[in-house]
Amino acid sequence: MGKIIIEYLEGKKIYACKKCNVHLSNQDYLTSKQFTGKSGTAFLFEKGVNYLTGKPEEKKLRTGLHTTQDLMCIKCQTYLGWKYLHAYEQSEKYKEGKIILEKLFLTKIKWN
């Protein structure tokens with residue numbers, strides 16, 4: 001495997017990996033705080049950076065059947081959440097391409 005290239009986000013209110021502080025997304029990409037992950041509260045983001053994706057899996061979630069990929073931190077490989085690849089219910093299509101980051105695995109940087 002080659003050298004890992006880490007992207008740093010500009011501006012304030014950055015969400016980062018709690019374990020290693022690698023930037024993951026920011027307040028501008030936050031779509032909703034009304035989600036639940038394996039560990040509890042989770043946030044839906046339009047996009048993010050510095051994560052690896054697992055293999056696509058079909059999962060039955062509260063809102064129906066979805067094809068998702070687990071997300072892991074590019075630096076420390078901590079589980080972070082998942083990416084929505086496909087939603088089978090028409091009402092859930094807005095999630096496609098977006099990511100879920102679980103609050104338990106996040107820290108906030110530059111929030112003053």
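1. Let's start with the pocket. Strand S3 gives the largest share of the lining of the largest pocket, 4 residues. Strands here are DSSP runs of E, at least two residues long, and helices are runs of H or I, at least four long, both numbered from the N terminus. S3, S8 and strand S6 (57–61) each supply at least two residues of that lining.

2. Before going on, a word about what you are looking at. This is a predicted model, where local features need pLDDT of at least 70 and side-chain atom pairs count only at pLDDT 80 or more, while totals for chains, interfaces and linings use all residues. Residues are numbered from 1 along each chain as its sequence is written, and side-chain values use heavy atoms, with hydrogens and water left out.

3. Back to the pocket, and how such spaces are found. Rolling a probe the size of a water molecule over the atoms shows where empty space is left. A pocket is an open set of points on a 1 Å grid over the protein atoms alone, where a 1.4 Å probe fits, with protein on both sides within 12 Å along at least five of seven lines; a lining residue has an atom within 4 Å of a point. The largest pocket has a volume of about 300 Å³, a volume being the space filled by probe spheres set on the points, which are joined across faces, edges and corners. Of its 13 lining residues, Thr36, Gly37, Leu61, Arg62 and Trp82 are the closest to the centre.

4. What classes of residue make up the lining? There are 4 nonpolar, 5 polar and 4 charged residues in it. In this scheme Ala, Val, Leu, Ile, Met, Phe, Trp, Tyr, Cys and Pro are nonpolar, Asp, Glu, Lys and Arg are charged, and the others, Gly among them, are polar.

5. Trp82 counts as buried because its relative accessibility is 7%; buried means under 20% relative accessible area, exposed over 50%, and partly exposed in between, with a 1.4 Å probe and protein chains only. Not counting residues up to four places away in sequence, Trp82 touches Thr36, Gly37 and Leu61, among others, and also Ile99, Ile100 and Glu102. Contact here means heavy atoms within 4.5 Å. Trp82 and Lys103 are 21 residues apart in sequence, with their C-alpha atoms 12 Å apart.

6. Now the core. A nonpolar core is a set of buried Ala, Val, Leu, Ile, Met, Phe, Trp, Tyr and Cys residues joined through side-chain atoms within 4.5 Å. The largest one has 23 residues, and Phe45, Leu80, Ile100 and Leu101 have the most contacts inside it. Two or more of its residues come from each of strands S1 (14–17), S3 (30–37), S4 (40–45), S7 (64–73), S8 (79–87) and S9 (99–102). Leaving aside neighbours within four places in sequence, Leu101 is in contact with residues including Leu24, Ala42, Phe45, Leu80 and Leu106.

7. Where do the two ends of the annotated stretch lie? An unreviewed UniProt entry carries the annotation "domain: Yippee" for residues 13–110; such positions are given in the numbering used here, feature names are shortened, and annotations may be inferred rather than shown by experiment. Over residues 13–110 the chain is 0% helix and 58% strand, and the end C-alpha atoms are 5 Å apart. Ile109 belongs to strand S10 (residues 106–109). Leaving aside neighbours within four places, Ile109 contacts Lys13, Ile14, Ala16, Asn21 and His23.

8. Two asparagines are worth a check. Asn21 sits in the loop between S1 and strand S2 (23–26), and its phi is near 65°, a positive value in a residue other than glycine. Asn50 is in the loop between S4 and strand S5 (51–53), with phi near 60°, also positive. Buried or partly exposed? Asn21 counts as partly exposed because its relative accessibility is 43%, while Asn50 counts as buried because its value is 7%.

9. Last, one more loop. Pro56 is found between S5 and S6. Leaving aside neighbours within four places in sequence, Pro56 is in contact with Thr67, Thr68, Gln69 and Leu85.
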